[in-house]
Amino acid sequence: MKIVSAIRKTASSCIATILAVSLLIPVAYGQDPQQAPPPPDQQGPPPQGQYDNTPPPSFAPQQLDGIVSRIALYPDPLLAQILTASTFGNDIPDAARWSDEHHYLNGQQLSDAINQDQLPWDPSVLALLPFPSVLDMMASDMNWTNDLGNAVLAQRPDVMDAVQRERHRAYQYGYLRTNPQIVVSNGPYIDIEPVNPAFIVVPTYNPVVVFAPPRPGFFVGGAIGFGFGVTIGTFFRPWGWGSSHFVWGSHVVIVNNRPWGRTWANRRVYVHPYDVHRYGAPGANARFVEHHEAIPRSQHEREEVRAGHAHVEEHDHRH
């Protein structure tokens with residue numbers, strides 16, 4: 001009996017030891033799931049998958065000059081919208097298609113249609129819907145658009161410096177000047193602002209021409225076309241129009257009166273504040289319900305706008 005009693009005492013002691021060790025394991029090797037999380041300033045870096053550790057792309061200054069050359073002479077408000085929208089490359093093709101099929105809407109009608117269809121794309125992309133030709137340019141060359149977006153995310157200061165280099169070249173060679181559509185302020189940094197903030201022109205030019213010395217006898221005044229523009233008014237203010245610009249010296253992009261802070265590292269989690277409702281999740285699988293007649297522009301209409309001519313509607317939408 002004494003031997004049996006000793007065995008029982010030994011077994012009880014071992015079980016107690018095992019239980020004690022098992023209770024200590026969560027403390028030593030992991031957090032108890034019922035335990036409250038530490039304060040934000042003690043939580044450490046965000047979980048894997050929120051902030052992307054993928055190495056960002058890198059572009060040399062000459063590459064950036066080439067990337068921004070086709071948009072560097074756009075008015076600052078339009079350029080700011082293009083730079084931010086380019087970081088949502090997955091949204092661009094569908095947005096370009098919708099914009100093209102609803103080109104006959106403008107002003108309040110277009111603003112209402114955006115909300116009625118509950119379009120799921122980022123507001124920076126929605127801001128370009130009044131500009132079918134701009135979205136068409138971006139969608140027709142997605143390699144360029146993705147390069148621009150990646151450069152903006154990874155090297156925004158360098159992108160802004162590249163814009164300034166191109167603008168200074170165009171100014172130095174006499175191509176870029178104030179005219180009835182834009183005001184060009186020359187100095188350490190060149191701003192390009194619309195004369196009428198409610199009317200945004202989309203310049204047309206050949207980068208090979210305007211960023212190089214003019215050949216003898218060439219009329220520099222006709223190298224940049226300003227025949228096409230879009231009336232923005234106050235209808236698109238919720239998407240940042242009327243309150244978007246650059247602080248060039250600080251490399252800051254202001255969109256909707258707030259510094260735009262999307263970067264390569266936070267691109268999966270950053271949400272810029274807009275005064276609009278966001279519908280659904282943007283991306284390749286985004287869906288919406290069409291409430292309007294879809295009538296794409298004719299080939300002639302597209303060519304006229306690319307040539308910098310004022311848009312003339314060729315369809316009768318009266319019913």
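Reply: Contact here means heavy atoms within 4.5 Å. This is a predicted model, in which local features need pLDDT of at least 70 and side-chain atom pairs pLDDT 80 or more, while totals for chains, interfaces and linings use all residues. Residues are numbered from 1 along each chain as its sequence is written, and side-chain values use heavy atoms, without hydrogens and water.

With a relative accessible area of 10%, glutamine 155 is buried (buried is under 20%, exposed over 50%, partly exposed in between, with a 1.4 Å probe and protein chains only). Once neighbours within four places in sequence are set aside, glutamine 155 contacts Pro57, Ser58, Phe59, Leu64 and Asn150. One of these, phenylalanine 59, has its backbone nitrogen 2.7 Å from a polar atom of the glutamine 155 side chain (a polar contact is an N or O pair within 3.5 Å, one able to donate a hydrogen and the other to accept it).

Serine 111 is a second case, located in helix 5, residues 107-116. Serine 111 counts as buried at 6% relative accessibility. A polar atom of the serine 111 side chain lies 3.3 Å from the backbone oxygen of phenylalanine 235. Leaving out residues up to four places away in sequence, serine 111 touches Phe235, Phe236 and Trp239.

In helix 3, residues 76-85, ten of the ten residues are buried.

Next come the strands. Strand 1, residues 182-185, has Ile182 and Val184 on its covered face and Val183 and Ser185 on its uncovered one. A hairpin of five residues leads from strand 1 to strand 2. Strand 2, residues 191-194, runs antiparallel to strand 1 and is joined to it by four bridges (strands pair if DSSP finds at least two bridges between them). Serine 185 of the uncovered face stands opposite aspartate 191.

Another group of three strands makes an open antiparallel sheet in the order 5-6-7. Strand 5 (245-247) and strand 7 (258-259) are at the edges with a single partner strand each, so one side of each has no neighbour in the sheet. Strand 6, residues 252-255, is joined to strand 7 by two bridges, and valine 255 stands opposite arginine 258.
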